[in-house]
Amino acid sequence: LQLAESGGGLVQPGGSLRLSCAASGFTVEYYAIAWFRQAPGKEREAVSCITRDSGTTAYADSVKGRAAASRDNAENTVYLQIGGLEPQDTGVYYCAAVAAGSCHPLLWPQPSEYNYWGQGTQVTVSS
């Protein structure tokens, strides 16, 4: 059971990225997927959550209005698009999965809610 993130890189301020989270060994269709990020010297921060049927999405205030989570269950992949990137968006971005998750406002930002984690993809926003 694995999650693999991709799509990170070096981006100039104001740019955008689409991160991918590909699942293998299990069907991501049955899982809510969250994105977290961690900057050097800081705690892991919740970024977004999307339910199995994409009926509910949730975003941290820091990315609200700039980020969009989506999923393609047929491709077993979940995506996070972020625009208007700022240097404070720099960090390692992780996706995480929890079976039958609801992206509850009090629960989805908690790393302990998730059973499976990817290895992360580095995003660096710099000119």
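**Strand pairing and salt bridges**

Biologist: In β8, which residue is the bridge partner of Arg-71?

Modeller: This is a predicted model. Arg-71 lies in strand β7, residues 67-72, which pairs with β8, residues 77-82, in the antiparallel sense over six bridges. In β8, the residue bridged to Arg-71 is Val-78.

Biologist: Which residues make up the covered face of β7?

Modeller: In a regular strand, side chains alternate between the two faces of the sheet. In β7, Ala-68, Ser-70 and Asp-72 form the uncovered face. The covered face holds Ala-67, Ala-69 and Arg-71.

Biologist: In the hairpin of β7 and β8, which residue takes a positive phi?

Modeller: Four residues lie between the two strands of this hairpin. The one with a positive phi, near 60°, is Asn-76.

Biologist: Is Glu-45 buried, partly exposed or exposed?

Modeller: Glu-45 meets Arg-37 in a salt bridge, with N to O at 2.8 Å. Arg-37 has a relative accessible area of 5%, so this residue is buried, the limit being under 20%. Glu-45 has 29% relative accessibility, which lies between the 20% and 50% cut-offs, so Glu-45 is partly exposed.

Biologist: How many residues apart are Arg-66 and Asp-89?

Modeller: Arg-66 and Asp-89 form a salt bridge, their closest N and O atoms being 2.9 Å apart. The pair links distant parts of the chain: Arg-66 is in the loop between β6 and β7, Asp-89 in the loop between β8 and β9.

Biologist: Are Asp-61 and Lys-64 buried or exposed?

Modeller: Asp-61 and Lys-64 form a salt bridge at 3.2 Å between the closest N and O atoms. Both residues are exposed.

Key: Residues are numbered from 1 along each chain as its sequence is written. This is a predicted model: local features need pLDDT of at least 70, side-chain atom pairs count only at pLDDT 80 or more; totals for chains, interfaces and linings use all residues. Side-chain values use heavy atoms; hydrogens and water are left out. Buried means under 20% relative accessible area, exposed over 50%, partly exposed in between (1.4 Å probe, protein chains only). Two strands pair if DSSP finds at least two bridges between them. A salt bridge is a side-chain nitrogen of Lys or Arg within 4 Å of a carboxyl oxygen of Asp or Glu.
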